Amino acid sequence: MLLVGEPSLGEPEKAALSRVIDSNWITMGENVRAFEREFSAEHGVPDAVAVNSCTAGLHLVLAALGIGRGHEVLVPSLSFVATANCVLYVGGTPVFVDIVGANAPVISVADAARKCTSRTKAVILMHYAGYLADREAWRGFAEEHGVLLIEDTAHAAGVPGAGTLGDAAVFSFYGNKNMTTAEGGMIFARDPDLLRRIRQMRGHGMTSGARERLDARTPTYDVTMLGWNYRMDEFRAAVGRVQLQSLSQWNAIRADLARSYRDALAEFCPDVLVPFGNRRGVSAHHFLPVVLPEGADRDAIMARMGNAGVQTTVHYPPIHLLSFYQDRFPSLGLRKTEEFARRELSLPLHPRLGYADVEQVARALADALVPRAAEVSS
Ligand SMILES: *Cc1c(COP(=O)(O)O)cnc(C)c1O
């Protein structure tokens with residue numbers, strides 16, 4: 001089975017894990033701090049805070065920015081549910097924004113402007129499939145409306161400029177992302193004071209961590225703000241440091257494969273749209289989205305491709321249509337998001353694939369698009 005995504009792990013990760021065991025220091029120590037420095041350097045920012053997931057990181061960012069009850073946060077509905085859940089964690093209200101369209105399935109500046117109110121405090125941008133949102137447009141928007149810019153950079157690790165568009169950004173190292181620590185995340189913040197607050201909130205709001213108390217021989221600590229336990233451990237950080245060394249190479253392979261996909265799909269499936277056709281270079285190519293022709297039976301196509309040994313998924317069921325959110329926002333409609341989500345299909349894309357696999361997937365899709373006689377008559 002060709003999987004939509006899979007991690008690349010091997011001997012260097014095993015060796016790194018062994019070294020952590022041998023060191024006998026297993027949570028937040030040298031590896032976590034080194035991972036923060038190396039990951040931020042890779043993206044050209046001064047520092048970062050590692051956490052145990054992107055979701056936890058988004059929660060910390062909103063809390064540290066003082067977003068809470070009575071505040072609205074603009075979010076895409078075409079995203080993973082965590083992008084909206086984090087707003088509810090702090091008592092705020094997510095306001096769902098429609099996408100630009102099938103060729104640019106990212107939140108629309110125009111719709112965001114329509115949904116801005118005096119209560120709007122921030123907008124969360126999500127770099128769908130790894131394509132960075134428009135920096136100039138969103139900076140202009142933030143300035144004009146006086147709102148904070150937060151990036152959900154879960155898809156965009158390793159893209160130059162990712163995590164530097166706005167006030168804060170959170171990456172994910174979940175198992176299916178471009179680099180992984182199994183579970184984990186990383187926070188950037190433009191304001192060093194904000195990053196310091198986030199660092200303290202990550203560890204219960206305590207003024208020092210266990211390692212610092214040992215090193216400084218100061219047994220006591222104070223708690224000066226509400227915090228959580230969102231720490232990363234040494235095992236994950238050690239794996240992350242190894243993975244980071246391959247990230248740019250893996251992203252280059254992904255870019256090559258994405259280019260091959262565009263050629264193969266143009267040849268075998270000319271009726272299928274590949275979004276972002278005008279922006280091929282600037283992406284982490286986290287997955288390969290396509291938009292099926294109007295009226296295509298996506299469930300049947302996914303089943304046929306599965307039979308041909310090709311896994312496919314959907315990015316994403318719109319958040320506002322998930323039961324929990326539909327109960328809270330029953331009358332909300334987002335025409336373009338809903339239309340896109342009905343027709344979108346994500347194809348396998350990861351560094352372990354080759355060009356022959358890409359051609360196999362494109363041929364399988366071409367086959368699956370043509371209903372077979374037996375199925376038509378049944
Ligand atoms: C994976 C993902 C998340 C959540 O990341 P975790 O590290 O699993 O919490 C959030 N947003 C988007 C867009 C994602 O793809």
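**Figure 1. Residues around the ligand in the predicted model.** In this predicted model, the ligand is surrounded by 16 residues. The closest of these are Thr-55, Asp-152, His-155, Ser-172 and Lys-177. For Thr-55, a polar atom of the side chain lies 2.5 Å from an oxygen atom of the ligand. For Lys-177, a polar side-chain atom is 3.3 Å from a ligand oxygen atom. Tyr-316 also takes part: an N or O atom in its side chain is 3.3 Å from an oxygen atom of the ligand.

Figure 2. His-315 and Tyr-316 are joined by a cis peptide bond, with omega at about 5°. Tyr-316 is located in the loop between α10 (298–307) and α11 (323–328). The side chain of Tyr-316 has an N or O atom 3.3 Å from an oxygen atom of the ligand.

**Figure 3. Packing of helix α3 with helix α4.** Two packed helices are described by the angle between their axes and the distance between the axes. Helix α3 covers residues 54–64 and helix α4 covers residues 82–89. Their axes come within 9 Å and cross at roughly 40°. Because of this angle, α3 is oblique to α4. The crossing of the two helices, α3 and α4, is right-handed. On the α3 side, Thr-55, Leu-58, His-59 and Leu-62 make the contact; on the α4 side, Ala-82, Thr-83, Cys-86, Val-87 and Tyr-89 do. Sorted by class, the contact of α3 with α4 has six nonpolar residues, three polar residues and no charged residues. Thr-55, in the contact with α4, is also one of the residues closest to the ligand.

**Figure 4. Packing of helix α9 with helix α13.** Helix α9 (residues 234–268) packs with helix α13 (residues 355–369) at an angle of about 35°, and the two axes are 9 Å apart. The crossing of α9 and α13 is right-handed. From α9, the residues in contact are Asp-256, Leu-257, Ser-260, Tyr-261, Ala-264, Leu-265 and Phe-268. They meet Tyr-355, Val-358, Glu-359, Val-361, Ala-362, Arg-363, Leu-365 and Ala-366 of α13. By class, the contact of α9 with α13 consists of eleven nonpolar, one polar and three charged residues.

**Figure 5. The backbone at Ala-182.** Ala-182 is not a glycine, yet its phi is positive, at about 75°. Ala-182 sits in the loop between strands β8 (168–172) and β9 (185–189).

Notes:
Residues numbered from 1 in each chain as written. Predicted model: local features only at pLDDT ≥ 70, side-chain atom pairs only at ≥ 80, totals over all residues. Heavy atoms only, no water. Axes fitted to C-alpha atoms, helices over the stretch in contact; angles between N-to-C directions. Helix = DSSP H or I, 4+ residues; strand = E, 2+ residues; numbered from the N terminus. Parallel < 35°, antiparallel > 145°, perpendicular 65-115°, else oblique. Left-handed = near helix turned anticlockwise from the far one by under 90°. Contact = heavy atoms within 4.5 Å. Nonpolar A, V, L, I, M, F, W, Y, C, P; charged D, E, K, R; others polar. Near = heavy atom within 4 Å. Polar contact = N/O pair within 3.5 Å; in protein donor to acceptor, adjacent residues only side chain to side chain.
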